[in-house]
Amino acid sequence: MRTVAVVLAGGTGRRFGAAGETGTGQADAGGAGSSLPKQLLVLAGTTLLERSVAAFDAAPGVDEVLVVMAAGFTELATQVLGAIGYRKLTGVIEGGAARADSTRRAITALSGAAGGDRNVLFHDAARPLVDQRIIADCVTALGSWQAVGVVVPASDTMVEMTDGAITRVLPRQSLARCQTPQGFRLSVISRAHELAAADPAFTEAAATDDCGVVVRYLPDVTIRAVSGSQRNLKITYPSDLAVAEALLRS
């Protein structure tokens, strides 16, 4: 079965802050004062988007790569990626207002293409250090499971809070942090998002990732856990770029 990697780069990076606040000397691909989305920030000379696409382009188990880009930046992303000439890149499409909207646009694009059911890996472009072992493990797991999620065990004590007060300490041994990629049969993730789109309550408490959509709307589908890596961090705040650069140097 063919495997498609969808690199989700549709966010605007509101939590990252204004350009020039990275603390690394590299504000973004457009320089200080630019309003480019976070996915086009430069990490050690290469944009986050390019690093994510390159990882899946190099993966033996991935047959094609589709990029979902922030609204208004598909042409620029196409130029940036086209200059490299990734052989598995099949397109750059515009994302939606929220993560779930971007995923659905990718599902629509893939469902309309020839080839029937296939495996799909959804990966956040803001995780530019994903490695080949994680990608290969996800592809292998999808040979036996309909859904897979990359996780790393929780190392900190986790608590629940209400109105600024700690109300419950959670059992750390049963907790993990989710990363991407997250993989699914196209038919499974398509059905989960179809049910989510038909549920008026979904927009009020939308899932923050695609595994969350499957858990909520297809509870009978088991999501197989794949081991992630501390290195596979998400660039959310300016200080994360400095950490990623340190990891690259090491």
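Colleague: The crossing of α1 and α2: left-handed or right-handed?

Modeller: The crossing of α1 and α2 is right-handed. A crossing is right-handed if the near helix is turned clockwise from the far one by less than a right angle, and left-handed if anticlockwise. This is a predicted model, in which local features need pLDDT of at least 70 and side-chain atom pairs count only at pLDDT 80 or more, while totals for chains, interfaces and linings use all residues. Residues are numbered from 1 along each chain as its sequence is written, and side-chain values use heavy atoms, without hydrogens or water.

Colleague: Why are α1 and α2 called oblique to each other?

Modeller: Their axes cross at roughly 60 degrees and come within 10 Å. Axes are lines fitted to C-alpha atoms, for helices over the stretch in contact, with angles from 0 to 180 degrees between N-to-C directions. Under 35 degrees counts as roughly parallel, over 145 as roughly antiparallel, 65 to 115 as roughly perpendicular and the rest as oblique. The α1 and α2 pair is therefore oblique.

Colleague: What makes the contact of α1 and α2?

Modeller: L49, E50 and V53 of α1 meet A77, V80 and L81 of α2. Contact means heavy atoms within 4.5 Å. The residues divide into five nonpolar, no polar and one charged. Ala, Val, Leu, Ile, Met, Phe, Trp, Tyr, Cys and Pro count as nonpolar, Asp, Glu, Lys and Arg as charged, and the others, Gly among them, as polar.

Colleague: Why is α3 called oblique to α5?

Modeller: Helix α3 (residues 99-111) and helix α5 (residues 186-197) pack at about 130 degrees, axes 10 Å apart. That angle makes α3 oblique to α5. The α3 and α5 crossing is left-handed. Among the residues of α3 in this contact are I107 and L110, and α5 brings I189 and H193, among others. The contact residues of α3 with α5 divide into seven nonpolar, four polar and one charged.

Colleague: Why are α5 and α6 roughly perpendicular to each other?

Modeller: The axes of α5 and helix α6 (residues 210-217) cross at roughly 75 degrees, within 9 Å. So α5 and α6 count as roughly perpendicular. I189, A192, H193, L195 and A196 of α5 touch D210, V213, V214 and Y217 of α6. That contact has seven nonpolar residues, one polar and one charged.

Colleague: How do you know that the buried residues of α4 are on the same side?

Modeller: In helix α4 (residues 132-141), I134, I135, C138 and A141 are buried. Buried means under 20% relative accessible area, exposed over 50%, partly exposed in between (1.4 Å probe, protein chains only). The four cover an arc of only 130 degrees around the axis, which puts them on the same side of α4. The arc is that of the directions from the helix axis to the C-beta atoms. An α-helix has 3.6 residues a turn, so residues three or four places apart point the same way. The buried residues of α4 pack against α1, β6, β7, β10 and β11.

Colleague: Why is R87 called exposed?

Modeller: R87 has a relative accessible area of 67%, so it counts as exposed. R87 lies in the loop between α2 and β5. Helices (H or I, at least four residues) and strands (E, at least two) are DSSP runs, numbered from the N terminus.

Colleague: What makes A44 partly exposed?

Modeller: A44 is at 46% relative accessibility, so partly exposed. Its phi is near 50 degrees, a positive value in a residue other than glycine.
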